[in-house]
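Subject: The structure we talked about

Hello,

Here is the structure I promised to hand over. Please open it next to this message, and then read on for what I found.

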2 protein chains.
Amino acid sequence: MHTLMVADDHPLFREAIAAAIRAGLPGCRLLEAASLGDALARADDEEALDLVLLDLGLPDAEGLAGLSRLREACPTLPVVVVSAEQERTTILDAIALGAVGYIPKSTPRPDLIAALDQVLGGQVYLPPSIMRRAPGPHAAEPPNGRASVDSRLETLTDKQLQVLARMVRGDANKVIARELDIAETTVKTHVSAILRKLEVSSRVQAILAADQADLAAQLSRRQLRA
Amino acid sequence: MHTLMVADDHPLFREAIAAAIRAGLPGCRLLEAASLGDALARADDEEALDLVLLDLGLPDAEGLAGLSRLREACPTLPVVVVSAEQERTTILDAIALGAVGYIPKSTPRPDLIAALDQVLGGQVYLPPSIMRRAPGPHAAEPPNGRASVDSRLETLTDKQLQVLARMVRGDANKVIARELDIAETTVKTHVSAILRKLEVSSRVQAILAADQADLAAQLSRRQLRA
DNA sequence: GAGCGCCTCCTCCTTCGGTAGGAGGGCGAG
DNA sequence: CTCGCCCTCCTACCGAAGGAGGAGGCGCTC
């Protein structure tokens with residue numbers, strides 16, 4: 001049927017997941033790897049490999065960097081991330097790196113089998129329990145993080161927002177001036193106002209604050225061209 | 001059964017997708033909206049709404065900003081994006097904004113119905129044809145995108161990386177000097193080297209390049225404290 | 001030992017970033 | 001009309017950023 005590889009440094013968990021697969025997907029060949037290096041070596045030998053279940057947190061592959069390395073070494077090999085980590089951004093980063101699925105370690109057995117089925121069938125699996133939470137990306141965050149920056153963004157005038165949009169692209173004042181067809185001194189005036197309103201003391205910090213907030217949304221909300 | 005709303009400004013496409021749904025998911029109630037404003041108004045009336053099929057490219061909601069607004073207005077309302085756009089990053093952005101699925105307009109009818117089924121069943125749907133392409137995020141992109149920035153990061157020395165880590169936090173040279181307990185002139189030397197190696201011409205651009213690449217991974221790979 | 005790379009620090013210089021203050025013009029609300 | 005807000009531009013000043021060049025120390029390899 002299929003050939004899977006479980007890459008996890010914790011033997012107990014490796015056994016547990018292997019057992020679950022044997023029970024739920026009978027007929028599968030199962031390989032095991034205790035480290036990323038191990039997994040990479042085995043992936044070279046086995047050309048019949050259909051899927052890798054990769055744990056984030058392998059000792060020789062800190063977090064998503066490990067996934068990145070595996071993807072680079074074997075770009076055509078489908079990888080599902082299996083992890084205790086449940087952050088939305090982590091999940092999205094994993095998918096962005098080319099993972100074909102993300103399975104939290106807390107996933108109940110039947111759901112896990114269904115997820116693997118889905119992935120082996122050529123689909124992409126994301127955990128509904130996390131990805132379908134209502135409030136989207138700005139959920140259980142500290143109330144004085146994103147929200148306040150966002151509100152400060154709203155106090156900016158249109159021109160200031162346009163200037164800020166260029167700042168976050170890395171443009172210098174002189175370039176911004178040329179693009180918006182105003183004098184550099186005027187750009188400076190706007191920049192000063194932006195720094196004051198954002199309550200920061202340098203251009204870099206303004207940029208950091210801006211892309212923590214949803215600048216793109218603010219721009220389109222006011223029908224401003226970027 | 002379920003109540004769906006199709007939000008698309010193109011009447012022909014709206015009809016086509018409505019017909020497909022009626023055929024594939026008999027018993028569904030179907031609402032239609034020709035604009036984002038329209039959709040928002042109808043979503044307020046209907047409390048029984050199960051899913052919105054949102055087109056990107058509505059005249060009053062440019063691209064993902066429209067999704068953002070809809071999500072803000074109705075955070076608990078599941079939204080599937082339906083679009084001609086097929087960029088991986090667009091898809092991931094949509095999911096990051098809280099969409100529960102992404103269906104390219106080129107999706108064949110049976111697959112579309114299956115996708116809607118999956119979403120109505122509480123899952124998350126991503127188009128396999130795009131998301132499971134082999135080479136991951138740096139595929140058909142210009143070869144000098146993320147990969148090259150990443151490799152340039154590797155040419156940085158440890159100290160340079162430590163300095164860069166402070167730069168991306170918005171620290172000034174003086175602050176970095178204090179933190180690393182070296183002279184400000186030395187920090188400048190490092191910064192200059194960083195700019196040269198990253199092939200950029202300003203601090204801001206260096207920062208933008210750095211957090212496009214995986215700086216965190218690089219730091220932990222060398223066991224450096226941030 | 002010689003060479004090399006890295007880290008450290010220095011000076012001199014230019015450009016950029018940012019503040020302060022003033023000044024004129026457009027535009028809408030009272 | 002007056003007031004206030006915004007955009008525009010200016011001068012002047014100062015500190016931060018960045019380039020050029022030199023220099024010493026440290027640890028490595030050949």
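A:Asp181 counts as exposed, because 6 C-beta neighbours lie inside 10 Å. This residue is found in the loop between helix H9 (173-180) and helix H10 (184-198) of chain A. A:Asp181 has a positive phi of about 60°, although it is not a glycine. Most residues other than glycine have a negative phi. Please keep in mind that this is a predicted model.

B:Glu199 is not a glycine, yet it has a positive phi of about 60°. You will find B:Glu199 in the loop between helix H10 (184-198) and H11 of chain B. With 13 other C-beta atoms within 10 Å, B:Glu199 is partly exposed.

Now to chain A as a whole. Chain A has 12 helices and 5 strands. Of its 226 residues, 35% are buried. Among the contacts in chain A with a separation of 6 or more, 62% join residues 24 or more positions apart.

The strands of chain A form an open sheet of 5 strands in the order S2-S1-S3-S4-S5, with parallel pairing. Strand S2 (29-33) and strand S5 (101-104) of chain A are the edge strands, and each pairs on one side only. On average, neighbouring strands of this sheet are turned by 20° against each other, direction ignored. Inside the sheet, strand S3 (residues 51-55) and strand S4 (residues 79-83) of chain A pair in the parallel sense over 4 bridges.

Helix H3 (residues 64-73) of chain A lies across S3 and S4 of chain A and runs at about 165° to S4(A). Helix H5 (residues 109-120) of chain A lies across S3, S4 and S5 of chain A, and its angle to S5(A) is about 170°.

Which feature does UniProt place at A:Asp55? The unreviewed entry there gives "modified residue: 4-aspartylphosphate" at A:Asp55. A:Asp55 lies in strand S3 of chain A, and its bridge partner in S4(A) is A:Val82. Is A:Asp55 buried or exposed? A:Asp55 counts as buried, because it has 23 C-beta neighbours inside 10 Å. Leaving aside neighbours within four places in sequence, A:Asp55 is in contact with A:Ala7, A:Asp8, A:Asp9, A:Val82 and A:Ser83.

After H4(A) comes A:Gly98, which has a positive phi near 105°.

That brings us to the contact between the chains. It takes 37 residues from chain A and 35 residues from chain B. On the side of chain B that touches chain A, the elements giving two or more residues are helix H3 (64-73), helix H4 (88-96), helix H6 (128-131), helix H11 (203-212) and helix H12 (215-221) of chain B. H11(B) gives the most to this side, with 5 residues. The residues of this side of chain B divide into 19 nonpolar, 10 polar and 6 charged.

Chain B has its own open sheet of 5 strands, with parallel pairing and the order S2-S1-S3-S4-S5. Strand S2 (29-33) and strand S5 (101-104) of chain B stand at the edges with a single partner strand each, so one side of each has no neighbour in the sheet. From one strand to the next, the twist averages 20°.

Finally, the DNA. There are 19 residues around DNA strand C, and A:Ser192, A:Arg203, B:Thr157, B:Lys159 and B:Ile182 come nearest. H9 and H10 of chain A, together with helix H8 (158-167) and H10 of chain B, each supply at least two residues of the surface near DNA strand C. H10(A) provides the largest share of that surface, 5 residues. By class, the surface near DNA strand C has 5 nonpolar, 9 polar and 5 charged residues.

Best wishes

Terms used:
Residues are numbered from 1 along each chain as its sequence is written. Chains are lettered from A and ligands numbered from 1 in the order in which they are written. This is a predicted model: local features need pLDDT of at least 70, side-chain atom pairs count only at pLDDT 80 or more; totals for chains, interfaces and linings use all residues. Two residues are in contact if their C-beta atoms, placed from the backbone, lie within 7 Å. Ala, Val, Leu, Ile, Met, Phe, Trp, Tyr, Cys and Pro count as nonpolar, Asp, Glu, Lys and Arg as charged, and the others, Gly among them, as polar. A residue is buried if 20 or more other C-beta atoms lie within 10 Å of its own, exposed if 12 or fewer, and partly exposed in between; C-beta atoms are placed from the backbone. Two strands pair if DSSP finds at least two bridges between them. Axes are lines fitted to C-alpha atoms, for helices over the stretch in contact, and angles run from 0 to 180 degrees between N-to-C directions. A residue is near a molecule or strand if its C-beta atom, placed from the backbone, lies within 6 Å of it. UniProt positions are given in the numbering used here, feature names are shortened, and annotations may be inferred rather than shown by experiment.
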